Amino acid sequence: MKHEPMVAETRNCPLCGADGGRATAFLADSIDQRRVSGSSFASRKTPEYMSHAMVRCLDCDLVYVDRPPSAASLAASYHAADYDSAEEAEDAADAYARAIAPVLATLRGRGAALEIGTGTGAFLERLRDAGFAELVGIEPSLAAIAAAPAHRRGWIREGIFEEADFAAGRFDLICCFMTLEHVRDPGALVAAAHRLLAPGGVFVGVTHDYRGLLNRLLGRRSPIVDIEHMQLFSGASARALLASRNYIDVGGASFRNAYRPSYWLRLVPMPAGPKHRLIAALRGSWLDRRRLAVNVGNYMSWGFRAA
């Protein structure tokens, strides 16, 4: 897969609109075209530690790619991406369900729910179990949809999220987990979600927190250093994204993910040979049937449409 060259234009901060004069260098471009493949745009992949050049906005604390690829190029990359993490998707859905439970407890309605970037629809199934009457998922990756169990595929629409595909005020809940970093305009996405929410409905997002302890310790060897990421949030900038787009009662919290030890080992920065041998030794063992819960710097933010 060929990676599209950067566009010539420099964009302003996609959260607050500040220009490049209000930004400082954060990451240098580290993309090696020889290593770009279908797995580069897959979810929960083995980290490649490649990124576009990124800057940090001094006004809102968002880190962003100031010369991003085109929206069409990104859409094509995700459409053709590999997918081999169906089991980890189930574990992630369980973690999201635990983290979101206090927010759902405040909802007055459980009619329709939309998940943007649904993957195999694993979290939609948790929402069904939580009592939501209508489930809709949007997913650009054909491979992810193909990996979904047959009973979920009717909930999933292939493609990129488009506000015009839905009626205003339709949804009581809109979720966007580990997707806001990947789009060129996260502000436009959450503003569109606000218009699609019913009064009193809630938007819930999950993002990486680049200010999280583990991410700060690992630096360039953190898995969040990724060719897929057009921006990186801190807790403060994740909440600011919602507060600046008319959401009320905005909040947020970090939470723990629980995965098999062999998956956590996949994320550890170490030489590929020993890593692969250790993973192979772990897979299928009694130890790897357990789930190890760790706070790796993932952050859940939420905001409501006024009733």
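Because the model is predicted, local features need pLDDT of at least 70 and side-chain atom pairs count only at pLDDT 80 or more, while totals for chains, interfaces and linings use all residues. Residues are numbered from 1 along each chain as its sequence is written, and side-chain values use heavy atoms, with hydrogens and water left out.

An open sheet of four strands runs in the order S1-S2-S3-S9 with antiparallel pairing, where strands are DSSP runs (E, at least two residues) numbered from the N terminus and two of them pair if DSSP finds at least two bridges between them. Strand S1 (23–27) and strand S9 (231–232) stand at the edges with a single partner strand each, so one side of each is left without a neighbour in the sheet. The partner of S9 is strand S3 (residues 63–65), joined to S9 in the antiparallel sense over two bridges, and Val 63 has Leu 232 of S9 as its bridge partner.

Strand S9 also belongs to what covers the buried residues of helix H5, together with, among others, strand S4 (112–116), strand S7 (171–177), strand S8 (197–208) and helix H7 (235–243); helices are DSSP runs (H or I, at least four residues). In H5 (residues 186–196), nine of the 11 residues are buried, that is, under 20% relative accessible area (1.4 Å probe, protein chains only), and they include Pro 186, Leu 189 and His 194.

Helix H6 (residues 213–218) contains Leu 214, which is partly exposed at a relative accessible area of 36%, a class that lies between buried and exposed, the latter being over 50%.

Notes:
Contact means heavy atoms within 4.5 Å.
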